[in-house]
Amino acid sequence: MAQTIARNFTIRNMLLAGILLMLAGDFMFALNDAMGKWLVASFSVGQVVLIRSIGAFIVLGPMIANQGTARLFHMDRPLLQFLRVVATTTDTGLFYAAVVYLPLADVMSFYMAGPIYVAALSHLLLGEKVGWRRWLAILVGFCGVLIILKPSSAAFSMSSAFALVGSIAFGFAIILGRLLRGTSDTTLVTWQTIGTLIVGGLLTIGAWRTPSALDFGAMLLLGVVSCAAHLMITRALKLAPASTLAPLHYTLLLWAVIFGLVFFGDVPGPRILVGAAIVVLAGMFIFHRQKVVETEVPPENVPKGVN
């Protein structure tokens, strides 16, 4: 009896820890996005991505040392590793390019469609069975994306295209992460950081502006915050069921609205709010159906953050 009580107490504590880590990780990602929007208003996207990537190694350095550098170069399926680096680099770069002109909540609304893209791509690329209910939710979710995008000659913008393509790249990155689930997080994050560092360096050529000590520190902090958020969410998924944590990830949209309003004076319009609500409801239904069909939502299907 005492052992059962102790076991239940431990499970409850792990569940609570997972929930708190997920909420903290999502808050950190939203903070990262707000900081990025503030910085790309004064510096090129390439410069922000370059220095952000350098800052990420403040967190990654000890992890690489603990794992050993040799493991970084002994990877399974190198072509898929390369494609994942391309997808995550595209995701990161286009996110920052989009927030130069669009409010945070608008861009985040596109990225909230990640689970919808994953469900569709899982069927097309992985051969996973998707029932008619989830296909219906996928179609409804795409309708929500179209409402946000408003693809008319009068409303369509290059920034919206950046957000849309970046969010699709984010979905591809999650799928490739599932295929590479045997690779350590340290190796995956290190190579994607190297990818963004290289691309950021190339984009900075001819567009460098010497930052102040405060701006340089803020860009380094951007990398630290992003890495910390990724690690928090990864740990949360090991402590609590993904089906419990998945709905909490949509707090990113709430934080995007709050930070956009407080720091940039951005108020989401009715079209963005309606489209985002459709996308979120469709995504949550997809998680629910996957839980019903497979008993538990695979951790790899939980969106792990935009950038």
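This note goes through the predicted model point by point, from the whole chain to single residues.

1. Basis of the model. The structure is a predicted model, in which local features need pLDDT of at least 70 and side-chain atom pairs count only at pLDDT 80 or more, while totals for chains, interfaces and linings use all residues. Residues are numbered from 1 along each chain as its sequence is written, and side-chain values use heavy atoms, with hydrogens and water left out.

2. Overall make-up. The protein chain has 12 helices and 0 strands, where helices (H or I, at least four residues) and strands (E, at least two) are DSSP runs numbered from the N terminus. Of the 307 residues in the protein chain, 51% are buried; here buried means under 20% relative accessible area, exposed means over 50%, and partly exposed lies in between, using a 1.4 Å probe and protein chains only. Among contacts in the protein chain between residues at least 6 apart in sequence, 89% join residues at least 24 apart, a contact being heavy atoms within 4.5 Å.

3. Helix 3 against helix 7. The axes of helix 3 (residues 78-99) and helix 7 (residues 158-179) come within 8 Å and cross at roughly 150°; axes are lines fitted to C-alpha atoms, for helices over the stretch in contact, and angles run from 0 to 180 degrees between N-to-C directions. Helix 3 is therefore roughly antiparallel to helix 7, given that angles under 35 degrees count as roughly parallel, over 145 as roughly antiparallel, 65 to 115 as roughly perpendicular and the rest as oblique. The crossing of helix 3 and helix 7 is left-handed, a term used if the near helix is turned anticlockwise from the far one by less than a right angle, with right-handed used if clockwise. Residues of helix 3 in this contact include Leu-80, Leu-83, Arg-84 and Asp-91, and those of helix 7 include Phe-162, Phe-170 and Leu-176. By class, the contact of helix 3 with helix 7 has 15 nonpolar, 5 polar and 2 charged residues, where Ala, Val, Leu, Ile, Met, Phe, Trp, Tyr, Cys and Pro count as nonpolar, Asp, Glu, Lys and Arg as charged, and the others, Gly among them, as polar.

4. Helix 4 against helix 7. The axes of helix 4 (residues 104-111) and helix 7 also come within 8 Å, and they cross at roughly 35° in a right-handed crossing. Helix 4 contributes Val-107, Phe-110 and Tyr-111 to the contact, and the residues from helix 7 include Ala-163, Leu-164 and Phe-170. This contact of helix 4 with helix 7 divides into 6 nonpolar, 3 polar and no charged residues.

5. Helix 5 against helix 7. Helix 5 (residues 114-126) packs on helix 7 at an angle of about 55°, with the axes 9 Å apart, and the two helices are therefore oblique to each other. Helix 5 passes helix 7 in a right-handed crossing. Among the residues in contact are Tyr-117, Val-118 and Leu-121 of helix 5 and Gly-171, Ile-175 and Arg-178 of helix 7. By class, the contact of helix 5 with helix 7 has 12 nonpolar, 4 polar and 1 charged.

6. Gly-171. This glycine lies in helix 7 and counts as buried because its relative accessibility is 0%. Leaving aside neighbours within four places in sequence, Gly-171 is in contact with Tyr-117, Val-118 and Leu-121. The C-alpha atoms of Gly-171 and Ala-119 are separated by 9.1 Å, although the two are 52 residues apart along the chain.

7. Arg-77 is found in the loop between helix 2 (45-67) and helix 3, where it has a positive phi of about 50° although it is not a glycine; at 46% relative accessibility, Arg-77 counts as partly exposed. Gln-81, by contrast, is found in helix 3 and is buried, with a relative accessible area of 6%. Not counting residues up to four places away in sequence, Gln-81 touches Met-75, Asp-76, Leu-180, Thr-183 and Leu-188.

8. Thr-193. Thr-193 has its place in helix 8 (residues 185-204) and counts as buried at 6% relative accessibility. Not counting residues up to four places away in sequence, Thr-193 touches Ser-53, Ala-56, Phe-57 and Leu-60.

9. Cysteines. The structure holds 0 disulfides, a disulfide being a pair of cysteine sulfur atoms within 2.5 Å. Cys-143 counts as partly exposed at 44% relative accessibility, whereas Cys-227 is buried, with a relative accessible area of 8%.
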